[in-house]
Amino acid sequence: MSPWTPALALLVVACEPTSDPDKPDDTEPAIPVCEDVSNTVCRVAGTEAAGAIENETHALRSPLYAPMDVAVFTHSDDFIIGDWNNHKIRRVQDGVMHTIVGTQFLGDGDPDFQEREAPGVDGTTVGLNHPTSMEWSPATGKWIIPSWHNHRVREWDPETGLSLVVGADTDVNDGNGANTGFEGDGGPAADALMSYPKSIAVHPDTGDFWLLDQRNNRIRWVASDYSLIETIAGAETVGFEGDGGPATDAKFYFWVPEELQPEPSGAVEYDPDRNHLYVADTSNHRIRVIDLETGIIDSLATGPEQTLPGGECDPDALCFPRDIEVDGDVLYIADTNNHVIRVLDLETGDFDVVAGSFEAGSTELNADALTVMLNTPHGIDVAPDGSLLIADTYNHQILRVLP
């Protein structure tokens, strides 16, 4: 599916109408109410229809447009959304949504390009072009945002609301490919060239982070002060190579060479308990793991190889996984084209589905998580209380599965 023409569905709220004091008049549908029942699904942002309403603040009346990721800020009612086709980073706090980075128009910075000078500028003056994800750095107290179609990395400070370009601080041309490329290893991140940076994983103690440079099919390491960038895995060409050997010899498949602009793909996640870096190797239908102590890469055991029988996903195998999230001994996987979220026990190897029914469609709210339909979920995160948040991308909503 082209990233510029995501599937739009004429969908309705899939739960029984309830009386709601926030309902302004009889022309608007009732706001769905989450039932406090374990392992059930409720909507916490979006309307299940693509769109943008700039003056709406209620999270359940504020349309999203193909959200690619969701990240917990403090708890399951305080989270950040990569609202991809609205070109915004949005925050939801206790049911209220507001934009923290982005404007009504796509772009590459503020009108005067002062975002390049510390401490940066108000994030709501900064144009973005298809942001894909965001990662909190406990070491610096800031969010790091890969600006996918801007080919840059930004930093957002929640204390000041300021956005600052910290990676690929190149000249601004049209912000839509003129600054893309691969350069800069061995020097500061500001001088590097990137190509569709998609995902970031942060070391919680040092603030150093790993960056998935999608079109370059590489994993790059960046120092917390942005003084150095290096490639630690991957190569110029796509493929599947390297398991059992050094990650520097590995090949990934994040970018289909025949496609000019495929969908966002791939993800990285750091496991501090094991000092491992997990990689969602999307078009290889695998989760790779890099032992950061030894530098060796391998694939996790996640069932049979995906063969795409008849051009369709084999539900027994991962099919274009696009996000991963570690929580203790458990690795959550957004098995995107199977329309499910899976969980792998890193100690026992047990592999199960925790949300979705392998069928794309409208979501029945307040239903058992294993019976609902999702539609190409790209992003996931886990809250401190165990709640699972899902960016249900082509249903244009954020869902929560209660623990």
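**Exercises on the disulfides**

In this predicted model, Cys313 has a relative accessibility of 22% and therefore counts as partly exposed.

**Exercise 1.** Determine which cysteine is joined to Cys313 and classify the accessibility of that partner.

*Solution.* Begin with the sulfur atoms: those of Cys313 and Cys319 lie 2.0 Å apart. A disulfide requires sulfur atoms within 2.5 Å, so this pair qualifies. Next, consider burial: Cys319 has 0% relative accessibility, and because buried means under 20%, Cys319 is buried.

**Exercise 2.** Carry out the analysis for Cys34 and Cys42, covering the bond, its handedness and the accessibility of each residue.

*Solution.* First, the S to S distance between Cys34 and Cys42 is 2.3 Å, and the two residues form a disulfide. Second, the angle about their S-S bond is 90 degrees, giving a right-handed link. Third, Cys34 has 30% relative accessibility and is partly exposed, whereas Cys42, with a relative accessible area of 3%, is buried.

**Exercise 3.** State how many disulfides there are and which pattern they follow along the chain.

*Solution.* The count comes to 2 disulfides. Numbering the bonded cysteines along the protein chain then gives the pattern 1-2, 3-4.

Definitions and conventions. Residues are numbered from 1 along each chain as its sequence is written. This is a predicted model: local features need pLDDT of at least 70, side-chain atom pairs count only at pLDDT 80 or more; totals for chains, interfaces and linings use all residues. Side-chain values use heavy atoms; hydrogens and water are left out. Buried means under 20% relative accessible area, exposed over 50%, partly exposed in between (1.4 Å probe, protein chains only).
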